[in-house]
Amino acid sequence: MPRKPPQRTRATKSPAARRKAAAPWRPPDLIDLARRLSEASGVSGDEAAVRRIVLESLQGRTDQVSVDALGNILVRCRPSGRRALRVMVAAHLDEVGLIIVAISSDGMLRFETVGGVDERYLLGKAVWVGRDHLPGVIGVKPIHLSGPAEVARAVPVDSLRIDIGAASKEAASQWVQPGDRVVFATRFEARGQLLLGKALDDRLGVASLISLVLDPPANIELLAAFTTQEEVGLRGAQVAAYALNPQAALVLDTTPANDLPLGDGSENAAYNTKLGAGPAVYLADRGTLSDRRLVSLVVEAARAEGLPFQFRQPGGGTTDAAAIHLTREGIPSVSLSVPARYLHSPRSLARREDWLNTLRLSRAALARLAPDKLR
Amino acid sequence: MDDAQLAAVLKDLLNEPGLSANEGPIRERLRQVWRPLLDEITVSRLGSLHGRKRGQGREPRPSILIAAHMDSVGLMVEQVVSGFLRVRPIGWLDPRILPGQPVTVHGRREVPGLLVPAPAALLDPQQGAEQAIRFEDLWVDLGLSASEAARLVRPGDLIAFAQLPFEMGDGLLAGKALDDRAGLAALTLCLMELRLRAHSWDVMVAATSGEEENLAGARTSSFEIHPDLAVAVDATLAAGPPGQPEHKVFPLGAGITLGWGPIIHPGLFRQFEQAARRAEVPFFTEVMPGRTQTDADALQVAVEGIPTMLVSIPLRYMHTPLEVVALRDIRRAGRLLAEFCASLDEGFLQRLTLE
């Protein structure tokens, strides 16, 4: 089947890149890249700011970059050898967040959630409204006016408002329109081993994928997909996988750890992954049964390279793999995630080594991927 | 002082921790700010900061005390459990606002942490979606190993919110502890204005400790200072958040409030009304049928009884890490206080009547 031609194709080397050719090229600092990606606003359906950072990072360094109808960035890295497997590696650009639906007469903004925002985190948080990061507050009635019965009840999202300090609908309308996306106002922090920031899900995966594209494994034809709309139903991945038509797929994402102590002091046997225990390999989640050959390949690569890994407890949750593996006639797929706490909240927490080992393990696994591994 | 300068002074004050009964850092910062504005500065036995600006009247001069509290709400470590902390509130806090708040734990050193609810997957399925987060569902994640956490943090250590302040909308400031650092900023503006104006009375200022727990500072400072009049400057509830009874809140940025009720001296109230008109400060009367829940409650019944007034600055989202005030309301409070202090003359107390 002929491949769909990319809508926009960038030249191998831009004039700017050629001018800079004299200076030795250095890969971007991963932590700095994670910071810029984490702080950018990219709620599902409005990933432009994140897309811009990815395109800038790749500019002049890759063979073929295109942006498709859903905003996915598709990159095809030419292999050096023949008979190389076409392998899709995906990471999603979008994050969960909020969307403005109306402006009240008193200048307060009504909103709804986009994707699976953990609603318990909304009250009393600072947010950035729109692409220009207009500051706002998700206000709450003070405890002085809430009785004990009210404090014991969760606040429905319907009754929350965003305060941008506008005194009237007219004043607010100068700054905000219904449809504007809203993200938590969180600065990224890298503190020793700790990484804290919003949208680590999946900007850590995006940064890893940028790193892979900038130095692609020579043995495969790397087909990178920076996907949109993962958080609202894996919509970008579905069409990206069709367009790239890969023979195998690896999805880079983040997964909840849920490794906190339990309130009653008993052992937490319901954890999903553990922070610090290395990359999380998926066996089964709500949407995908991982391809056993690819799972074995990842485990083999980890053992050979002396990299830590853990199996994510089979259970709920999905990644882009759920859409990818059912594309066309079926695509063998596996997911590899950075374990992280408090995803879909204002501030997620991950460990630097878990992330870097996820990148190392994906590189090691891809380097071992040959057609015979899928027989 | 314009909005930008005032915002800078306030942000500086907001970044200093000062939990009830542990106001050291904010007290030292405030001492630096007040030093050039005052003739004497002392610290009370319970940690309030006292200052005197001498008047030009004949000795013995009467004195007015203006008090605003330094302390802010926060949390305390109850237990250290494998690298995570259980917490209890200091002051009146709604646990529902706490998930996701960055905090600073004042342990053997300052340790950053994150307040988090137990993940939904780990909660008792009996606990329905309608049930709110309770203090017992919350942890502080230090991101440290169990042994490191145990070395650095002990039960009883204080936890302050780490939310950074920011400006918003039309001259608004959002941040933690604006209740009552906004009041302290108003006191500071009053002192700055009084450097340029004659006043015959001694003006005493107190940045009080422990207000959010038991008004400890105001209860004791009033005995040490023994003023002839007392004014508490605090925050009051502003309109904005949905679901608030309209008659209990005041518009943000439209003026300050003057308290009225049994705690407030009626004669002093009338004098403040007049001063507000002279200073062109818009105000609302805040009817307070019982206690005001401010330092005024303690000042009124200190020593042999002190005629007491309450001036409040409307503030949204009180006792959250993102309280919101209008900078112009703080300036109005400062202007009103300076106007009132400058108007005090030798015969003021004789003319002051309850009727």
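Modeller: Domain bounds here come from an automatic or database domain assignment. This is a predicted model, where local features need pLDDT of at least 70, side-chain atom pairs count only at pLDDT 80 or more, and totals for chains, interfaces and linings use all residues. Residues are numbered from 1 along each chain as its sequence is written, with chains lettered from A and ligands numbered from 1 in the order in which they are written.

Colleague: What distance separates the centres of domain 1 and domain 2 of chain A?
Modeller: Domain 1 of chain A covers 25–94 + 187–262 + 270–374, and domain 2 covers 97–184. Taken over C-alpha atoms, their centres are separated by 31 Å.

Colleague: Which element gives the most to the side of chain B that touches chain A?
Modeller: Residues are in contact if their C-beta atoms, placed from the backbone, lie within 7 Å, and chain B puts 51 residues into the contact against 45 from chain A. Elements giving two or more residues on the chain B side include β8 (138–141) and β10 (166–168); strands are DSSP runs of E, at least two residues, and helices runs of H or I, at least four, numbered from the N terminus. With 4 residues, the top giver is β7(B).

Colleague: Is A:R328 buried or exposed?
Modeller: A:R328 sits in the loop between α9 (321–324) and β16 (333–341) of chain A. Buried takes 20 or more other C-beta atoms within 10 Å of a residue's own, exposed 12 or fewer, and partly exposed is in between, with C-beta atoms placed from the backbone. A:R328 has 11 within 10 Å, so A:R328 is exposed.

Key
Two residues are in contact if their C-beta atoms, placed from the backbone, lie within 7 Å.
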